[in-house]
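The points are grouped by topic.

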Amino acid sequence: MVRAIHRTQKWVAAASAADIATTIASYFPDVPPARLIAAIARYKALHIWGATPVLPRAGYDRLQASLVSGSFVNPGTPFGVAVDNTRPRP
């Protein structure tokens with residue numbers, strides 16, 4: 001699973017916003033292509049998508065705070081329990 005995520009992350013980093021939009025457009029049938037391309041370009045420019053499957057502590061803490069404040073989780077799972085950043089075995 002981690003290898004598949006990493007392969008996709010590398011593809012997203014290398015692909016153009018238009019290529020990504022074409023690939024995912026069927027999941028967003030009500031979004032005009034130009035808007036989808038612009039949103040993806042913004043995400044890429046802001047480096048929203050990670051380049052590796054490693055989840056840094058700061059990123060997890062931000063995500064957890066967001067989920068707790070939105071009442072999606074309460075209180076949330078500690079980083080050490082939820083995240084395993086060790087290198088996957090072949």
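Ile-48 counts as partly exposed because its relative accessibility is 47% (buried is under 20% relative accessible area, exposed over 50%, partly exposed in between; 1.4 Å probe, protein chains only). The model is predicted: local features need pLDDT of at least 70, side-chain atom pairs count only at pLDDT 80 or more, and totals for chains, interfaces and linings use all residues. Residues are numbered from 1 along each chain as its sequence is written, and side-chain values use heavy atoms, with hydrogens and water left out.

**Surface around Ile-48**
- Ile-48 sits in the loop between helix 3 (33–45) and helix 4 (57–69); helices are DSSP runs of H or I with at least four residues, numbered from the N terminus.
- Tyr-43, Leu-46, Ile-48 and Trp-49 make a nonpolar surface patch of about 420 Å² (residues with over 30% relative accessible area and no salt bridge, nonpolar side chains joined within 5 Å; a salt bridge is a Lys or Arg side-chain nitrogen within 4 Å of an Asp or Glu carboxyl oxygen).

**Helix 2**
- The buried residues of helix 2 are Ala-17, Ile-20 and Ala-21.
- Seen down the axis of helix 2, these fall within an arc of 100° (directions from the axis to the C-beta atoms), so they line one face of the helix.
- Their cover includes helix 1 (2–14) and helix 3.
- Ala-21 is buried, at 6% relative accessible area.
- Beyond residues up to four places away in sequence, Ala-21 touches Leu-36, Ile-37 and Ile-40 (heavy atoms within 4.5 Å).

**Confidence**
- The protein chain averages a pLDDT of 91 (the predictor's confidence in each residue, from 0 to 100), and 97% of the residues score at least 70.

Definitions and conventions:
Patch = residues over 30% accessible without salt bridge, like charges linked within 9 Å, V, L, I, M, F, W, Y side chains within 5 Å. Areas by Shrake-Rupley, 256 points an atom, 1.4 Å probe, with all protein chains shown as cover. Helix = DSSP H or I, 4+ residues; strand = E, 2+ residues; numbered from the N terminus.
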